[in-house]
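Trainee: I have a structure open and would like to talk it through. Could we go over it together?

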Amino acid sequence: MASVAILTAAGSGSRLGFGYPKALVEVEGRTLLAHAALGLASTGEICRIVVTAPVDHVAAFEEILRSTTELTVPWEVVTGGATRQASVAAGIAALEREAGGHPTYEVVLVHDAARPLAPASMMKRIIDTVRAGYSAVIPGYAVTDTMKLVAPALDAEGPELVAGTADRSSLRAVQTPQGFTWDLLVRAHAAGVDRARSEETAATDDATLVEAVGETVWVVEGHSAALKITTAHDLAVARLLASEIGA
Ligand code: C5P
């Protein structure tokens with residue numbers, strides 16, 4: 001059965017400060033959008049990619065994907081939602097439409113254009129693990145910093161308070177793509193639809209929604225190249241990495 005991907009790219013990228021969506025920023029002469037789509041395609045496992053775009057950039061995203069001639073996997077650009085969770089839901093709806101309301105997809109990867117250099121080998125590992133019977137699989141890596149829980153500062157100018165220290169050995173920073181059986185992703189999003197409306201309540205990844213319906217989420221080894229580009233520093237690191245690995 002076929003595997004499909006939802007590529008979230010509808011964020012504004014305001015923390016990067018370019019004045020246009022982050023997915024349109026270039027690394028080694030190629031947009032983050034094209035890098036991420038080509039990465040998914042290069043697994044050789046994905047038969048359709050749905051990309052979420054900011055409402056006023058659908059045509060620009062389509063033009064970029066059209067001109068990425070190496071991208072031979074069928075794709076579609078849809079308008080994203082107000083939150084990442086709502087954008088993934090829009091991607092699910094588009095894939096359902098494409099299948100005439102009766103999808104028979106096997107594995108669905110949900111990936112962020114903000115992680116344009118995620119290696120195909122890692123993506124394949126996630127797909128293979130889902131196929132092996134683990135219905136929700138995410139990449140994660142051990143954290144090296146000591147992690148504190150904090151409480152709000154007592155006054156606006158003052159420092160935050162430490163409320164506790166987490167057990168670092170049991171923490172993982174998680175990445176995308178995250179892989180799910182189609183049915184589980186659909187069920188988890190349907191159950192979490194109400195929280196999708198505001199930044200405060202929306203899930204920041206899809207595994208959170210799977211956890212909320214009581215299903216097990218499994219972690220496989222992530223990859224340093226799957227770093228998330230949020231700040232100018234992240235972008236500088238990604239550019240260095242891309243030039244080293246020839247992405
Ligand atoms: O905002 P953040 O960096 O966590 O976004 C992660 C991914 O989700 C990015 O690729 C971004 O484009 C996407 N996103 C989206 N729709 C939103 C917000 C973010 O597709 N409303």
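Mentor: The conversation below goes through confidence, the ligand, the core, the strands and several loop residues.

Trainee: What are the confidence scores of the model?

Mentor: This is a predicted model. The mean pLDDT of the protein is 96, and 100% of its residues reach 70 or more. The ipTM is 0.98 and the pTM is 0.97.

Trainee: How many residues surround the ligand, and which are the closest?

Mentor: The ligand is surrounded by 18 residues, and the closest are Thr8, Ala10, Gly11, Ser87 and Asp112. Sorted by class, the shell holds 9 polar, 6 nonpolar and 3 charged residues.

Trainee: Let us turn to the core. Which residues of the largest nonpolar core touch the most other members?

Mentor: That core has 66 residues, and those touching the most other members are Leu7, Leu33, Ala37, Leu40, Val51, Val108 and Leu109. Helix α1, residues 32-41, gives the most to this core, with 8 residues.

Trainee: How many residues of α1 are buried?

Mentor: In α1, 10 of the 10 residues are buried, so the helix is largely enclosed by the rest of the structure. The buried residues include His35 and Gly39 as well as Leu32, Leu33 and Leu40.

Trainee: And what does Leu33 touch?

Mentor: Setting aside residues up to four places away in sequence, Leu33 touches Ala9, Ala23, Leu24, Val51, Phe61, Ile64 and Ala113.

Trainee: Ala9 is on that list. Where is Ala9 found, and is it buried or exposed?

Mentor: Ala9 is found in the loop between β1 (3-8) and β2. Ala9 counts as buried because 28 other C-beta atoms lie within 10 Å, and the threshold for that class is 20 or more. Beyond its neighbours within four places in sequence, Ala9 is in contact with Ala23, Leu33, Val51, Thr52, Ala53, Phe61 and Ala113.

Trainee: How far apart are Ala9 and Asp112?

Mentor: They are 103 residues apart in sequence, and their C-alpha atoms are 6.4 Å apart in space. Asp112 is also one of the closest residues to the ligand.

Trainee: Changing topic to the strands: which way do the residues of β11 point?

Mentor: In β11, residues 178-181, Gln178 and Phe180 point one way, whereas Gly179 and Thr181 point the other way, and all are buried. In a regular strand the side chains alternate between the two faces of the sheet.

Trainee: Which strands pair with β11, and in what sense?

Mentor: Strand β6, residues 107-112, pairs with β11 in the antiparallel sense over 4 bridges. Strand β7, residues 136-142, also pairs with β11 in the antiparallel sense, over 2 bridges. Phe180 is the bridge partner of Val108, and Phe180 is likewise the bridge partner of Ala136.

Trainee: Now the backbone geometry. Which residues does the cis peptide bond join?

Mentor: The cis bond joins Thr176 and Pro177, with omega about 5 degrees. Pro177 lies in the loop between β10 (172-174) and β11.

Trainee: What is phi of Glu28?

Mentor: Phi of Glu28 is near 55 degrees, a positive value in a residue other than glycine. Most residues other than glycine have a negative phi, and most peptide bonds are trans. Glu28 lies in the loop between β2 (26-27) and β3 (30-31), and Glu28 is partly exposed, with 15 other C-beta atoms within 10 Å.

Terms used:
Residues numbered from 1 in each chain as written. Predicted model: local features only at pLDDT ≥ 70, side-chain atom pairs only at ≥ 80, totals over all residues. Near = placed C-beta within 6 Å. Nonpolar A, V, L, I, M, F, W, Y, C, P; charged D, E, K, R; others polar. pLDDT = per-residue confidence, 0-100. Buried ≥ 20, exposed ≤ 12 C-beta atoms within 10 Å, placed from the backbone. Pairing = 2+ DSSP bridges. Core = buried A, V, L, I, M, F, W, Y, C linked by C-beta atoms within 7 Å. Contact = placed C-beta atoms within 7 Å.
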